[in-house]
Amino acid sequence: MSNIVLQVEDLHTSFFTRAGEVKAVDGVSFYVREGETFGIVGESGCGKSVTGLSILRLLPEPAGQVVGGKIIMEGKSLLELNPKQMRAYRGKMISMILQDPMSSLNPVYTIGDQIGESVRLHQDLPENMVEAEVIDALRLLRIPSPEMRAREYPFQLSGGMRQRAVGAIAMSCRPRLLIADEPTTALDATIQAQYIALFEDIQEKTNVAIIFITHDFGVVARICDRVGVMYAGKIVETASTRDIFKNPKHPYTKALIQSVPQLDKKDERLFSIEGQPPSLLRLPKGCRFYPRCTVSMDICKEQEPPEVKIGENRSVSCWRVK
Amino acid sequence: MLNTITTTAKTKKKKQYRGISRATRVMRNLALWIPTVVMAFMIVLAIFSPWIAPHDPTVGKITDRYLPPAFMEGGKTDYLLGTDQLGRDILSRLIYGARISLSVSLLAIAITASIGTVLGIIAGYGGGRTDAIVMRVVDVALSFPGLLLAMLLAVAIGPGFWTVVFALSLLGWAGYARMIRGEAMRLSQSDFVAQARVNGASGWRIMTRHIFPNIINSLIVLMTLQVGMMILAEAALSYLGIGISVPTPSWGSMVSDGRANLDNAWWISAFPGAAIGLVVLSGNFLGDWIRDKLDPRLRQL
């Protein structure tokens, strides 16, 4: 098996607000291998994006802080790096595509300038080499006539093109890890499919590890190799994409998959999960999903379920799973 | 048949459209060209004053005191705009005065804009305590009576060219800082700054490469609008006698020179006053025009 690029162990990230400590990420563990895509799925506010920002150490300080756990990238503990060393990791080793790539481009610079900036920042190259890298990056994202596009400003590009330009910035230094935070949410379905195919293509060419943050199980099915389902700051189930869809174990995962619209079930009312996720300020004592769970037991209310390993690649936190 | 109808309709529409737009275009062009020409003319006067001015602005001829402008009865063609109470040529003094007015205001603008921009970006991007401290200083600077401070300075270090520049700069930066801070704050929240951070850019790099270039537009507008303000402020200081010291001609002090003789020698005050008005107005028009050009929200109007 290929190498593990990033390992996150028992990550705790909190926001210290006037109302108290908000445990946005509360004990998350996962890993990504070279050339693999790990999906983090969950509803809004469950801590997906915060997990991504914690890895890059770009939490809005001083409110947001990693309070515990380990983030290890190829043997190096990212949490122990000083700010300067961490900056050298960003963009070079770990890249991130933000939620709304449309507005992630600076309106006053050309596309080529912006890709080049990231190249210049991390590599000491002569100017003509930088240019070659820029064209390369644009080509990697399958942007037609890259020499011309490099000289254009963001406003001259279509939405889909801008999206790819952002991808080109992220890939310009050939990072080992790419964190994509809902990059497809702002796109319509056709472009979304194209963009996902593009990701797969890039991964094949560069062997980059991808953490794909999304709330869309349909996207998960298309691109992810393994998935972690997140609920209220915790990963409640980790499994290969195949297993998740074929045999979801955690009631929350089951409910999420049931609420994806399917073409073959026509006249049924779409399933939805009752209630709201718990406030991260006042987490329930027992299982976080207990108030919304349809198969809850007495113990669920009292005690948090431990993580149960099933086989090599699977783990679930539920009292129902033995 | 149908074809001709559509063509005539089209041409008619086109003509109408062009007619409206031509009228507005001429108006807009005048609003641009007149102030530009005035400003350019003043700058040429300021730079080449020794070659343009017909007389020495500081030396008067006792026999030619209070001469009216050439176009009036009793005026001499030698003194186109007349002479003042010491027999000095008003035209020459006006030309040299442009030098003082423009250099004081441009210098003060350069200084205030630089300080204000740097502090504004640091406050807006840094946020938190940095922002609070800078903005409190700005509040103090904006609430301080500028004229009083200038007078104190004039007393403390003596009136003169640099005193005026210093006095104007000491408080003037606050306005820039306040505006730039707002812009920088908005830009700090923008996605491309977040993206730059994700790509490993340092705070310094984000401020200089990402925030500053996006602020230049507003900065230029504010600077242009300040030209008039600064010239006016310099004139006010010189009028009060705490600005440029005699005998160096400055428009403000020239107005002041003539104020005792307004009833019998109005030209001593009137011409420098008109010059101040003209330049200030041109500066404001130019600033408005640039603002309209650079603000995409106003472009369609």
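Reply: Here are some questions about helix packing and domains, with their answers. This is a predicted model, in which local features need pLDDT of at least 70, side-chain atom pairs count only at pLDDT 80 or more, and totals for chains, interfaces and linings use all residues. Residues are numbered from 1 along each chain as its sequence is written, chains are lettered from A and ligands numbered from 1 in the order in which they are written, and side-chain values use heavy atoms, with hydrogens and water left out.

Me: Why are helix 3 of chain A and helix 6 of chain A called roughly parallel?

Reply: Their packing angle is about 25 degrees, with the axes 8 Å apart, and angles under 35 degrees count as roughly parallel, so helix 3 of chain A and helix 6 of chain A are given that name.

Me: What makes the contact of helix 3 of chain A with helix 6 of chain A, and how do its residues divide?

Reply: Ile111(A), Gln114(A), Ile115(A) and Ser118(A) of helix 3 meet Ala165(A), Ala168(A) and Ile169(A) of helix 6, where contact means heavy atoms within 4.5 Å. These residues divide into five nonpolar, two polar and no charged.

Me: What is the area buried between domain 1 of chain A and domain 2 of chain A?

Reply: About 1,400 Å² is buried between these domains, and carbon and sulfur atoms give 64% of that area; buried area is the accessible area (1.4 Å probe) that two parts lose on being put together, summed over both. The contact takes 18 residues from domain 1 of chain A and 13 residues from domain 2 of chain A.

Methods: Axes are lines fitted to C-alpha atoms, for helices over the stretch in contact, and angles run from 0 to 180 degrees between N-to-C directions. Helices (H or I, at least four residues) and strands (E, at least two) are DSSP runs, numbered from the N terminus. Angles under 35 degrees count as roughly parallel, over 145 as roughly antiparallel, 65 to 115 as roughly perpendicular and the rest as oblique. Ala, Val, Leu, Ile, Met, Phe, Trp, Tyr, Cys and Pro count as nonpolar, Asp, Glu, Lys and Arg as charged, and the others, Gly among them, as polar.
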